[in-house]
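Hi,

Here's the structure I said I'd pass along. Have a look at it first, and then read on for my notes.

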Amino acid sequence: MTGGLGMNVGASVRTISQARDAGYDNGEIKQMTRSGKIECETCQNRKYQDGSDEMVSFKAPGHISPQASASAVMSHEQEHVSNAYDEASRKDGEVVQASVSLQTATCPECGRTYVSGGETTTQIKYHEDNPYAKGFKTADSSVVAGRNLSLEV
């Protein structure tokens with residue numbers, strides 16, 4: 001087997017250490033890991049886990065390949081958005097804002113850019129027939145009453 005860009009990687013070369021043993025130089029190895037021809041050990045061992053208290057995927061640590069990280073993380077974050085709509089529906093509310101942001105990082109070993117995580121922000125407005133909203137409105141108006149004071153003599 002001979003190394004070199006554009007050459008086929010042999011069936012026995014699957015990791016960076018195997019590529020080094022086969023005589024590939026660092027530039028060739030970096031190109032092979034970025035293209036997915038061989039597996040970067042850091043990317044192979046990377047795990048994703050959700051830290052929220054919602055019932056969504058990735059409650060237990062799980063692997064996502066760098067190539068699939070964007071779609072898998074976005075799909076996961078959409079579960080949070082869906083949960084917000086379900087909650088609003090159950091509690092007579094309305095989702096007035098939902099946004100998802102994805103964070104990216106670069107693997108220090110192979111230099112591949114991947115989606116490292118995501119964050120979902122939602123805002124639900126509850127309708128006034130909700131007893132909690134009514135109580136809040138009543139409490140709020142009692143505090144506000146008397147705010148405008150006119151002293152005439």
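Below is what turned up, starting with the core and then moving to one helix. Keep in mind that this is a predicted model.

The largest nonpolar core has 16 residues. Those with the most contacts inside it are Ala19, Ile29, Met32, Ile38, Cys40 and Cys107. At least two residues of this core come from each of α1 (16-21), α2 (26-35) and β2 (113-126).

Setting aside neighbours within four places in sequence, Cys40 touches Ile16, Thr33, Cys107, Glu109 and Cys110.

Now for α2. Its buried residues are Glu28, Ile29, Met32 and Thr33. They span an arc of only 130 degrees around the axis, so they sit on the same side of α2. Part of what covers these buried residues is α1.

Just after α2 comes Gly36, with a positive phi of about 85 degrees.

One more residue: Thr33, which belongs to helix α2. Thr33 counts as buried because its relative accessibility is 1%, and the cut-off for buried is under 20%. Beyond its neighbours within four places in sequence, Thr33 is in contact with Ile16, Ile38, Cys40, Cys110 and Arg112.

Cheers

Conventions: Residues are numbered from 1 along each chain as its sequence is written. This is a predicted model: local features need pLDDT of at least 70, side-chain atom pairs count only at pLDDT 80 or more; totals for chains, interfaces and linings use all residues. Side-chain values use heavy atoms; hydrogens and water are left out. A nonpolar core is a set of buried Ala, Val, Leu, Ile, Met, Phe, Trp, Tyr and Cys residues joined through side-chain atoms within 4.5 Å. Buried means under 20% relative accessible area, exposed over 50%, partly exposed in between (1.4 Å probe, protein chains only). Helices (H or I, at least four residues) and strands (E, at least two) are DSSP runs, numbered from the N terminus. Contact means heavy atoms within 4.5 Å. The arc is that of the directions from the helix axis to the C-beta atoms.
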